[in-house]
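Here are my notes on this one, jotted down while going through the model. Have a look at the structure first, then read the points in order.

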Amino acid sequence: MKPRKRYIFNVSIPCSSLFAFAHKPVTLEEKIDLIKNNDAVAMLAPTFAIDFKYPNIIGMLRHLGFKEVTELTFGARMVNWAYANYIKEHLHPHTKYCKEGCEEKNCPCFGVGASQPLFISSPCPTVVAMIQTQYPEFVKYLMPVVSPMAAMARIHKKYKPKQKVVFISPCWSKENVEAPKYPELIDAVITLKDLKEIFAREGIKEDDFTDDYYFDSFIREYTKIYPVSGGLASTSHIQSLFNPGEILITDGVENIKKAFEEIKAGTSKYRFLDLLNCDGGCIGGPAINNKDFPTEKKKEIIFEYTHRSSETDMGEHKGTVQDAEGIDLSATY
């Protein structure tokens, strides 16, 4: 297989100990203090729409003390861009005939090397941890690209290096597994459950915030469906890079393990795996308040939010590839 290389921009990002937790602040009181006493930005995972009204949530977060409120959507857009480019470079154009790389100098793929046979999505820290601990032979196939959370945090830090970045998440693994790897990027993670409690403590009520609030800085529209299983594969435009039937979209531990066992047995036709640990994707995250909603209802909420919020003209807030110039989105495992 062609050697993996550092991808995209300047400095590769090592993924160190899975469960080292040196991330402060920890308590809700410390997190509230961080927000109120600093120039802080709230980065919302689009799953927030399952628990909170839009655009009310923007006003609520600003009232809490955030100077800016945005989504992960531009970070997800840049992750998609990185995925497409990495796959183009590592998916051998003549795999059927040149599996070990070309020897003939007149062949278009001379010197390219062998095709990478498998690509595994890497935004879910639980899936990454599962592969590292239970399927280490697949680590080399993990996409060497950071998650939308880390990508968006790097973008913020480029333009406002002193700004505190707080990620609002449906997932405990983002706080306990992934964020500790990036102490220079993520200053705190607040789960959706925590956020509901914080609003209750502070007396912040949805119905008090009915203005037309708008997100700040670098947003996109179509990547709002990222938290739904298959959101990455459907928005990253990688479908045209693979043959029909070579992309697997699945979620849930048992389904993921089944896919890995089939690959090990040599009975799988898949070359790209879009995997999320929770049932239905991140919309099944354990730190969602309305986690007992049926999966289909959660999907409907996300799709409705995507449609409604995308009707707003993003104007100067629309992020472009040029806005991420000079930012490293690569990861190593």
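Notes on the model

1. Let me start with Thr-295, which is partly exposed at a relative accessible area of 30% (buried means under 20%, exposed over 50%, partly exposed in between, with a 1.4 Å probe and protein chains only). Thr-295 belongs to helix α10, residues 295-310 (helices, H or I with at least four residues, and strands, E with at least two, are DSSP runs numbered from the N terminus). Leaving aside residues up to four places away in sequence, Thr-295 touches Gly-280 and Ile-283, where contact means heavy atoms within 4.5 Å. Its C-alpha atom is 7.3 Å from that of Gly-284, eleven residues apart along the chain.

2. A word on ground rules: this is a predicted model, where local features need pLDDT of at least 70 and side-chain atom pairs count only at pLDDT 80 or more, while totals for chains, interfaces and linings use all residues. Numbering runs from 1 along each chain as its sequence is written, and side-chain values use heavy atoms, with hydrogens and water left out.

3. The overall picture: the chain has ten helices and nine strands. Of its 333 residues, 56% are buried. Among contacts with a separation of 6 or more, 80% come from residues 24 or more positions apart.

4. Now the aromatics. The whole structure holds twelve aromatic pairs (ring centres of Phe, Tyr and Trp, the last by its six-membered ring, within 6.5 Å; planes under 30 degrees apart are stacked, over 60 edge-to-face, the rest tilted). One of them is Tyr-86 with Phe-119, edge-to-face at 6.4 Å centre to centre and 85° between the planes. Because Tyr-86 sits in helix α3 (residues 73-90) and Phe-119 in strand β4 (residues 119-120), this pair ties together parts 33 residues apart in sequence.

5. Which residue does Phe-119 pair with at 6.0 Å between centres? That is Phe-242, and with the planes at 70° the pair is edge-to-face. Phe-242 lies in the loop between α8 (231-235) and β7 (247-251), so here the parts tied together are 123 residues apart in sequence. Phe-242 is buried too, at 7%. Tyr-83, Tyr-86, Phe-119, Phe-242 and Phe-272 form one aromatic cluster.

6. Helix α1 (residues 28-36) packs on helix α7 (residues 192-202) at about 70°, the axes 11 Å apart (axes are lines fitted to C-alpha atoms, for helices over the stretch in contact, with angles from 0 to 180 degrees between N-to-C directions). So α1 is roughly perpendicular to α7, a label for angles of 65 to 115 degrees. The contact residues are three nonpolar, no polar and seven charged (Asp, Glu, Lys and Arg count as charged; Ala, Val, Leu, Ile, Met, Phe, Trp, Tyr, Cys and Pro as nonpolar; the others, Gly among them, as polar). On the α1 side they include Lys-31 and Ile-32, and on the α7 side Glu-197 and Arg-201.

7. Two backbone spots to check. The Tyr-54 to Pro-55 peptide bond is cis, with omega near 5°, and Pro-55 is in the loop between β2 (40-44) and α2 (56-64). His-237, in the loop between α8 and β7, has a positive phi near 60° and is exposed, at 56%.

Definitions and conventions. Angles under 35 degrees count as roughly parallel, over 145 as roughly antiparallel, 65 to 115 as roughly perpendicular and the rest as oblique.
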